[in-house]
There are 2 protein chains.
Amino acid sequence: MRGKKTFVIIGLGLLGGSLAAAIRRRFQSARVIAASRTRRHIAFAKRKKFIHFGTTDLKAALRNADFVLVCTPVDTIPGLIEKIERHAKQGAIVTDVGSTKGTIVRSADRMQLQRVSFIGSHPLAGSHLTGVEHAQADLFEGCHVFLTPTSRSDARALRAVKAFWRKLNARILVISPEKHDRLVSEISHLPHAAAAALMHSVSNASLRLGASGFLDTTRVAQGDPNLWVPIFLTNRAHLISHLRRLKKTIHDLEGLLKKRSRQRLARFLRVASLNRRGLS
Amino acid sequence: MRGKKTFVIIGLGLLGGSLAAAIRRRFQSARVIAASRTRRHIAFAKRKKFIHFGTTDLKAALRNADFVLVCTPVDTIPGLIEKIERHAKQGAIVTDVGSTKGTIVRSADRMQLQRVSFIGSHPLAGSHLTGVEHAQADLFEGCHVFLTPTSRSDARALRAVKAFWRKLNARILVISPEKHDRLVSEISHLPHAAAAALMHSVSNASLRLGASGFLDTTRVAQGDPNLWVPIFLTNRAHLISHLRRLKKTIHDLEGLLKKRSRQRLARFLRVASLNRRGLS
C-alpha cells in the first residue's frame with residue numbers, strides 16, 4: 001500500500017459514520033472522504049473529525065478512491081457499485097456493509113467489473129440506534145464480519161478486504177452469499193420481524209406498562225424502516241420460511257396450553273431457557 | 001403500627017430475597033423472618049443480612065407474623081394462604097407477589113378468611129435473573145405494583161398493603177384480578193412465550209452467532225421454568241388468545257412479504273418502530 005491511502009465511504013449513517021471514525025483511528029495516515037446526500041451528516045462527521053472531507057458529489061468523491069465502502073440501504077448498493085466502476089480509480093477495492101448479500105453479490109458478479117473489484121461484507125454490528133449521531137469508532141471491535149466472495153471474486157481484493165476488517169479488530173467469517181442470507185434471516189431478520197409483530201399484538205393501553213422484559217424483547221423493533229424494508233424484501237424467501245417455522249412453534253405452544261400439558265410445557269420452556277443461558 | 005413489627009417472607013428467591021433486603025432498609029425497627037424449604041437460601045440471606053432469622057418450619061415462622069409476604073411459584077400460593085390462616089396471628093395482613101392474580105385471589109375469597117386478611121400484589125419487578133443470589137434491596141424502587149382487591153377484601157388490609165409498597169417507593173396501581181391477568185398476559189407472558197418460541201425457531205448452529213439484537217429479543221426466555229409453567233397455566237386462556245393474535249400478525253407479515261407489498265410493509269415496520277421508540 002502507498003503512503004496516503006484514500007478511503008471513500010458512501011452513506012453517512014450509523015455504520016458509515018462508525019467506519020469513518022474507526023478508519024481515522026486505525027489507519028492514521030489514510031485520507032477519509034465521505035459521499036452523502038445529506039449535508040447535515042457531512043457537517044456532523046467533519047465536526048467530529050470522522051472524515052477529512054465530505055461531498056454530495058459522488059463522482060468527485062470517487063476520483064482518488066483506493067478503497068470504497070458502500071454504507072447505504074441494501075437496495076441502493078448494486079446501482080452504486082455500477083457508478084463506482086465508472087468513476088473510481090483503476091484497481092480500487094470495493095466492499096459494502098449490507099445486511100443481505102445474495103442480491104448484491106450476484107448483481108456485482110453480473111456486472112463483470114473491469115476497473116474495480118467487489119467483495120461483499122456484512123458486519124454484525126448494527127444497533128436499534130441509527131444515524132451518524134450514534135457512530136462510534138469502536139463499533140467493530142470484536143464483532144463478527146461476514147465476507148461473501150464467490151468463484152468470480154478477485155483473490156487480491158478478498159485479501160485486502162480481510163486485512164481491512166482485521167485492522168479494525170473484527171472477527172472474519174468467510175461464507176457464501178446464500179448461506180449468509182439464510183443464517184442472518186434466522187439470527188437477525190426473524191427476531192426483528194418477531195419484535196415488530198409483538199409490538200402490533202399488544203394494545204396501546206397496555207404498552208406503557210411494559211417493564212424491562214417487554215422492552216428487551218421489542219428493542220430491535222425500533223430499527224429504521226428505510227433500512228429494514230429493503231432487507232426484508234431482498235431476503236424474503238428465507239424470512240418467509242422462518243416466519244412459518246415461528247408460527248408453527250407458537251401454534252404448538254398454544255396446543256400445550258390448551259391441553260394443559262404441564263410436562264411438555266416445562267420441557268419447552270426449559271430447553272429455551274437452557275439454550276438462551278448458554279449464549280451470554 | 002407497634003414498635004417491633006414482624007414481617008414473614010415465605011420463599012427466598014429473587015423476589016423474596018429482594019423484599020427482605022428492602023424491608024430491612026425501609027423498616028429499620030422491624031423484624032424480618034424468612035420461611036424457606038432450602039437451608040442454603042436461608043444461610044445466604046442471613047449472611048447478607050437480608051433477614052434476622054430463617055427457618056424451614058413454616059408454622060414456627062408464622063407464630064408472631066404481623067405482615068406475611070408469599071413469594072413462591074403461583075400454583076403454591078393458595079395452599080400457603082390456607083396455612084397462614086391456620087397458623088398466623090389474629091389480624092395478620094397477607095399479600096403475595098405472584099404474576100397471575102385471578103386464581104389466587106378467587107381462592108382466597110372462597111376461603112372466607114377469619115384470622116388474617118389477604119390482598120393480592122404483583123410487583124412488575126422480575127428479571128431473567130433468578131434466585132436469592134441476585135436479590136437487590138432497590139428492586140422495587142419506582143417499579144409498578146398491581147394490587148388486586150375484590151368486593152370481599154378488607155379495607156384496612158388494602159390500606160396496609162398500599163402503605164407497605166409505598167414505603168418501598170413502588171408505584172401502586174389498583175386493578176381487578178381479571179383485568180390484571182389480561183394486562184400482564186400481554187406485556188409479560190406473551191413476550192416470554194414469543195422469546196421462548198424464537199429460541200426454538202433458530203437452529204443450534206446459528207444461535208452462537210446471535211448478536212446484541214438477538215440476545216435482547218430472547219433475554220426473557222432465560223426465566224426459570226419452575227416459575228413460568230404455573231404462570232402460563234394459571235393464565236392460559238388469556239395467553240392462548242394473545243398467542244393467536246401474534247400468530248395472525250406474523251401470518252399477515254408473511255403475506256406482505258409474499259406479495260412484495262413495499263408500502264404496507266413499510267407501514268407495518270414504521271408503526272412498530274414509532275410505538276417502540278415512544279416507550280423508552
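Copies of a chain are superposed here by least squares on the C-alpha atoms of residues with pLDDT of at least 70 in both. Done this way, a rotation of 180 degrees with 0.0 Å of shift along its axis places chain A on chain B, with an RMSD of 0.0 Å. The two copies are therefore related as by a two-fold rotation axis. In chain A, the C-alpha nearest that axis belongs to A:Thr217, 2.0 Å away from it.

This is a predicted model, in which local features need pLDDT of at least 70 and side-chain atom pairs count only at pLDDT 80 or more, while totals for chains, interfaces and linings use all residues. Residues are numbered from 1 along each chain as its sequence is written, and chains are lettered from A and ligands numbered from 1 in the order in which they are written.

**Chain A as a whole**

- Let's start with the parts list: chain A has 12 helices and nine strands. Helices (H or I, at least four residues) and strands (E, at least two) are DSSP runs, numbered from the N terminus.
- Along the principal axes, the C-alpha atoms of chain A fill a box of roughly 70 × 40 × 30 Å.

**The six-stranded sheet of chain A**

- Six strands of chain A form an open sheet in the order 3-2-1-4-5-6, with parallel pairing. Two strands pair if DSSP finds at least two bridges between them.
- At the edges stand strand 3 (53–55) and strand 6 (117–119) of chain A, each with a single partner strand, so one side of each has no neighbour in the sheet.
- From one strand to the next, the twist averages 20 degrees. Angles run from 0 to 180 degrees between N-to-C directions, and axes are lines fitted to C-alpha atoms, for helices over the stretch in contact.
- Four bridges link strand 1 (residues 6–10) and strand 4 (residues 67–70) of chain A in the parallel sense. A:Ile10 has A:Val70 in strand 4 of chain A as its bridge partner.
- Helix 1 (residues 14–26) of chain A packs on the sheet and touches strand 1, strand 2 (31–35) and strand 4 of chain A, making about 170 degrees with the direction of strand 2 of chain A.
- Helix 4 (residues 77–87) of chain A lies across strand 1, strand 4, strand 5 (93–96) and strand 6 of chain A, at about 160 degrees to strand 4 of chain A.

**The three-stranded sheet, seen in chain B**

- In chain B, three strands form an open sheet in the order 7-8-9, and the pairing is mixed. Strand 7 (121–123) and strand 9 (171–174) of chain B are the edge strands, each pairing on one side only.
- Strand 8 (residues 144–147) and strand 9 of chain B run parallel, joined by four bridges. B:His144 has B:Arg171 as its bridge partner in strand 9 of chain B.
- Helix 6 (residues 155–167) of chain B packs on the sheet, touching strand 7, strand 8 and strand 9 of chain B.

**Where the two chains meet**

- 72 residues of chain A are in contact with 72 residues of chain B. Contact means that the C-beta atoms of two residues, placed from the backbone, lie within 7 Å.
- Among the elements giving two or more residues to this side of chain A are helix 7 (177–201), helix 11 (236–258) and helix 12 (262–277) of chain A.
- 100% of the interface residues of chain A are also interface residues in chain B, so the copies meet through the same surface.
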